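Biologist: Please show me the model. I would like to ask about its rings and helices.

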Amino acid sequence: MDDNDVGGQEEPKEFTIDPGQVEQGIKKQMKPDQVKNLDRVLTEGNKLLFGKDTHYQLMDGLSESKDIPGDLGNGAFTLLMMLYKDGGYTMPTDIMDAVGTILLARACAFLSQSGMVQVTDDDYEEAVHVYSVKLHSTLDPSFKERMDKSIGGGQEQPPQQPQQQQGVLNANV
């Protein structure tokens with residue numbers, strides 16, 4: 001039984017998040033060069049996400065999914081890797097969270113509006129979390145270990161070597 005359903009109102013079972021507002025909010029916090037890089041990557045992401053050759057490859061599996069947030073989050077990570085490896089350019093790591101967050105919002109809005117899959121705001125939130133954990137675990141292998149210790153109540157140890165915050169994702173993922 002879901003704790004949200006006990007003795008009260010249920011959470012909305014629809015997608016109400018506006019991808020345009022998500023994008024605007026993120027861009028307001030970025031420097032102009034980051035916005036330029038983000039726009040470039042989002043353009044390529046849209047081509048993969050909504051292009052006639054790749055759209056159904058990316059979306060079809062979701063109609064039978066038993067874990068919409070997990071599949072969306074993992075799919076967003078896979079899409080980012082496709083953009084990175086096939087894009088023929090480097091992608092600064094400082095925009096990768098933003099890329100996934102915005103493309104996930106766009107995908108969720110499409111799925112919801114098309115009726116292809118019922119997606120909720122909570123699904124989106126969980127998908128962003130799955131994407132973020134997978135991304136940060138790839139960028140910084142000690143991230144998952146530190147997160148597990150934090151969640152498990154253990155003492156979090158500082159990383160042995162500070163990880164570079166900007167740069168290029170290792171293509172050998």
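Predicted model: local features only at pLDDT ≥ 70, side-chain atom pairs only at ≥ 80, totals over all residues.

Modeller: Residues are numbered from 1 along each chain as its sequence is written, and side-chain values use heavy atoms, with hydrogens and water left out.

Biologist: How many aromatic pairs does the structure hold?

Modeller: Rings of Phe, Tyr and Trp (its six-membered ring) pair if their centres lie within 6.5 Å. By that rule, the count is two.

Biologist: Why is the pair of Phe-15 and Tyr-124 edge-to-face?

Modeller: Planes under 30 degrees apart count as stacked, over 60 as edge-to-face and the rest as tilted. The centres of Phe-15 and Tyr-124 are 5.9 Å apart, and the planes lie at 75 degrees, so the pair is edge-to-face.

Biologist: Is Tyr-124 buried or exposed?

Modeller: Buried means under 20% relative accessible area, exposed over 50%, partly exposed in between (1.4 Å probe, protein chains only). Tyr-124 has 8%, so Tyr-124 is buried.

Biologist: And Phe-50, buried or partly exposed?

Modeller: Phe-50 has 32% relative accessibility. Phe-50 therefore counts as partly exposed.

Biologist: At what angle do the axes of α1 and α5 cross?

Modeller: Helices (H or I, at least four residues) are DSSP runs, numbered from the N terminus. Axes are lines fitted to C-alpha atoms over the stretch in contact, and angles run from 0 to 180 degrees between N-to-C directions. The two axes come within 9 Å and cross at roughly 170 degrees.

Conventions
Helix = DSSP H or I, 4+ residues; strand = E, 2+ residues; numbered from the N terminus.
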